[in-house]
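Please look at the sequence and the structure before reading on.

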Amino acid sequence: MMLAAFVLIVAVVNQEWMYVLFAAWLVGNLRVASLSAGWDTQWLGHDIPLDLLHPLRKLTIATNYILTYTLFARLFSDDLKRVGYAAVLNLAQWMSFPLLVAALVLPYGSFLPVMWGIVALGAFILVFMVSRILFLTRSAVAKWYGASIAIAVLSSVSEIVSAALGLKGLISAGNSVTAAASSSLMAALAIAAQMREERRQRVHAQEELRGTYDALPIGLFTLDLNGDFIGGNPALRAMLCDSKDRGGDIDRRWQELFGDESWELLRLLASGGGDIEVDGRPGSFVAERTFHVKATVAGDRIEGSMQDVTDRAKATGRLEYLSEYDPLTDVLNRRGIEKALQTASRELLRSRPLAIAYLDLDRFKLINDLYGHTTGDDVLKDICQRIRQVLGPDHHVGRVGGDEFVVIFVNKTIAESAAICQQLIEAVEDEACHIGDKAFQVKVSIGLIEVMEATVIRDVISIADRACREAKRTPGTLVVYERGAAAFRERSEELALIGRFGVSRVPEGLFLDMQPIMSLSAPYDSLDFEVLLRLREADNSITPAGKVIAAAENNGRISLIDRWVLSTTLHWLAENRDRLRKTNFICINLSGGSLNDEKFIRDAFAMITEAGDIAKTLCFEITESVALHDLRNTSRFIDTVRSFGAKVALDDFGAGYTSFSYLKELAAEAVKIDGAFVRDVNSHPANLAIVEAIAELSHNLGMKTIAEWAEDAATVAVLAEVGVDYVQGYGVARPMSPERILAADSCGALIEDPQVARYVWDGLGKVAASPGTDGKLSLQLPPLPIRRRH
């Protein structure tokens with residue numbers, strides 16, 4: 001009982017559940033011993049009532065069985081996982097329930113056979129499991145516990161044998177009390193061994209933790225509530241102390257190293273848990289360094305960890321800088337200028353003025369091409385420095401393209417902003433940029449707009465860009481769009497038009513017109529034409545095709561337009577193919593955006609494949625600038641559509657960066673000469689020479705020529721004389737409905753200009769009349785003779 005009381009006190013002091021079990025088992029073991037000795041009729045000097053004696057005996061045996069197996073399972077919890085036979089142990093433990101039930105419901109005489117059977121089996125399993133543990137682990141705990149069980153078992157067996165054989169001497173040699181005391185002592189030694197092993201493991205873990213604590217590269221610290229360091233590992237001392245002070249304590253306060261504001265922030269952090277980044281206090285040992293800190297309150301202390309993240313913080317800061325600034329010129333980039341514009345636009349809510357300027361350096365590409373990008377970069381840096389000197393710190397400048405910039409004028413009227421823009425032009429142009437031993441004279445064109453409250457940020461930059469493009473027509477000039485300028489209205493109309501596009505649908509009201517393309521060799525034997533896009537509004541007015549196409553191109557919707565035009569044209573051709581027997585080709589324009597849209601290309605090829613022979617009448621017009629932008633991709637497209645029998649014409653030839661040499665790279669059937677040369681062909685000898693050269697070169701390469709903007713008879717005559725094959729323009733016919741095309745016999749029959757009609761008629765030489773199949777007179781018109789200049 002003294003041992004049980006001692007163990008119970010230890011259990012309370014250490015708050016260890018296993019010691020409570022052991023104390024209870026010692027008391028149970030004492031009661032079982034007293035039962036065996038025959039003096040269990042008393043408890044601590046007091047007699048037990050006879051009517052309670054048998055129930056208490058039954059409960060004592062059942063309870064001791066349960067306590068024995070519970071203590072065993074707890075004491076050897078780790079070893080039992082290694083020895084196996086978990087099912088056998090579970091069987092012994094589950095047998096405690098029928099033993100307890102039998103103790104509660106069966107008479108004493110009936111309970112004894114049940115008890116002996118269950119206890120005998122339980123004792124056998126217990127001996128087997130302890131033997132397994134001893135064999136596999138050789139632990140001191142198992143040895144002492146095995147000795148305890150052996151004493152208890154031998155005592156019980158000796159009593160049974162002596163009672164059966166009548167050997168009283170054997171009974172007196174070792175009574176139950178002696179055996180119980182010895183067994184309890186052995187069990188106590190097992191518990192002591194277990195305690196010693198747990199302490200050894202705890203000390204080992206503490207040593208490992210100390211080693212980890214000292215070797216950990218993360219600084220660990222302890223602060224009092226005043227900010228004084230009262231503990232820290234070597235890593236922390238290496239972070240916060242000079243090399244001569246790293247062997248002792250950190251004789252500093254948090255506030256000395258990181259400042260008072262940081263200390264208040266740390267206290268708030270520690271009370272709620274979390275992490276922060278703190279910068280070293282200027283002038284301290286950790287100045288210009290950044291630390292990541294985690295902390296929590298532990299009683300009257302603050303425990304935490306600290307990592308030096310200076311390199312990471314600098315890298316993050318650099319990335320944040322690069323996300324909004326141009327690394328070459330150190331001015332804002334597009335994202336940064338849009339963010340600055342978003343902030344500046346709030347000034348409009350306070351009725352303060354805001355203006356945006358778009359700057360474009362004229363002919364800057366020549367510097368890159370002739371002297372290299374390194375020289376070009378140096379010129380850009382010089383220009384940006386001049387711009388910043390004029391603007392000062394109150395305004396923002398950003399680089400939004402290779403040689404394009406945006407300036408935000410905050411709280412400046414449009415007149416004041418225009419005056420500053422003139423200073424910018426002078427600053428850039430008045431003095432050449434000196435790079436090494438070279439001097440570069442740079443000009444700048446500026447578009448300036450007054451920003452209104454309802455204007456969207458991206459629309460502001462787009463409208464300013466439009467003003468700049470207008471200024472570039474006369475390099476080195478300034479174009480100003482004041483509030484209410486037409487450009488704002490046009491942009492609003494463009495956005496309203498784009499709003500009518502769906503994800504995969506075009507606006508309602510689209511329809512097709514067609515303009516004849518007349519053959520100068522057979523005007524009455526052919527009916528060729530170009531498909532033109534139109535948009536009919538709800539009030540029956542017609543929106544110009546240029547607006548629709550420009551809006552679609554500027555907002556990524558042009559492939560929807562081209563897909564609709566191609567699909568509608570193929571459907572119309574399929575329905576009217578029998579009425580178009582004189583049609584050799586039908587021109588359809590394709591934009592650069594569509595040619596670079598792989599989905600559109602796949603869809604176009606699928607539609608052409610499905611159309612079959614009808615596709616052979618198609619002639620896709622590709623502008624010269626688009627073809628030169630991606631010559632390889634254009635060649636791939638041309639080769640593919642030609643494999644289906646379709647044709648290709650190079651549109652607006654001569655309007656862009658014309659290079660005759662590239663014609664041999666593109667297997668096109670026709671060249672459409674830009675109307676700017678054709679319109680004044682009679683008044684400008686240079687234009688005539690260019691048109692004639694294009695026609696002759698095209699013929700030599702096996703291509704036909706189509707002249708756009710043929711507005712009168714004189715133009716048509718000159719074009720015929722220099723060898724142009726086809727003409728298109730108001731001199732022949734204006735765009736018309738598909739129904740008029742179907743009703744016509746040929747392009748010659750659709751000529752609207754009387755002088756052109758007379759020229760074509762007279763040029764044919766004679767008219768032969770013969771009766772037609774319907775009995776009416778039919779005109780048989782010979783081809784127009786082509787007079788070439790030599």
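What share of the contacts in the chain with a separation of 6 or more comes from residues 24 or more positions apart? The share is 64%, where a contact means heavy atoms within 4.5 Å.

## Basis of the report

This is a predicted model, in which local features need pLDDT of at least 70 and side-chain atom pairs count only at pLDDT 80 or more, while totals for chains, interfaces and linings use all residues. Residues are numbered from 1 along each chain as its sequence is written, and side-chain values use heavy atoms, with hydrogens and water left out.

## The chain as a whole

The secondary structure comes to 32 helices and 25 strands. Helices (H or I, at least four residues) and strands (E, at least two) are DSSP runs, numbered from the N terminus.

Of the 790 residues of the chain, 46% count as buried. Buried means under 20% relative accessible area, exposed means over 50%, and partly exposed is in between (1.4 Å probe, protein chains only). The accessible surface of the chain comes to about 40,700 Å², and 55% of this belongs to carbon and sulfur atoms. Such areas come from the Shrake-Rupley method with a 1.4 Å probe; for residues, only the protein chains shown count as cover.

## A sheet of five strands

An open sheet has 5 strands in the order β4-β3-β7-β6-β5, with antiparallel pairing. Two strands pair if DSSP finds at least two bridges between them. The edge strands, β4 and β5, each pair on one side only. From one strand to the next, the twist averages 30°. Axes are lines fitted to C-alpha atoms, for helices over the stretch in contact, and angles run from 0 to 180 degrees between N-to-C directions.

F221 has G232 in β4 as its bridge partner. β3 and β4 form a hairpin with 4 residues between them, and G227 in the turn has a positive phi of about 100°.

β5 runs antiparallel to β6, with 5 bridges joining the two. In this pairing V278 stands opposite F291 in β6.

β6 also pairs in the antiparallel sense with strand β7 (residues 301-308), over 8 bridges. Here the bridge partner of T296 is E303 in β7. Helix α13 (residues 260-272) lies across β3, β5, β6 and β7, and runs at about 50° to β6.

## Two loop residues with positive phi

E288 is found in the loop between β5 (275-279) and β6 (290-298). Its phi is near 65°, a positive value in a residue other than glycine. Is E288 buried or exposed? E288 counts as exposed because its relative accessible area is 73%.

N411 lies in the loop between β10 (404-410) and α19 (414-429). N411 is also a residue other than glycine with a positive phi, near 60°. At 41% relative accessibility, N411 counts as partly exposed.

## Helix contacts

The axes of helix α17 (residues 364-371) and helix α18 (residues 373-391) come within 7 Å and cross at roughly 145°. On the α17 side, F364, I367, N368 and Y371 take part, meeting H373, T375, G376, V379 and L380 of α18. The contact residues divide into 5 nonpolar, 4 polar and no charged. In this count Ala, Val, Leu, Ile, Met, Phe, Trp, Tyr, Cys and Pro are nonpolar, Asp, Glu, Lys and Arg are charged, and the others, Gly among them, are polar.

Helix α23 (residues 558-576) contains S567. S567 is partly exposed, with a relative accessible area of 35%. S567 and A604 are 37 residues apart in sequence, and 8.5 Å apart in space from C-alpha to C-alpha.

## Cysteines

How many disulfides does a search of the whole structure find? The search finds 0, with a disulfide taken as a pair of cysteine sulfur atoms within 2.5 Å. C619 is in no disulfide, and the nearest cysteine sulfur, that of C587, is 4.1 Å away. C619 is buried, at a relative accessible area of 4%. C421 also counts as buried, because its relative accessibility is 0%.
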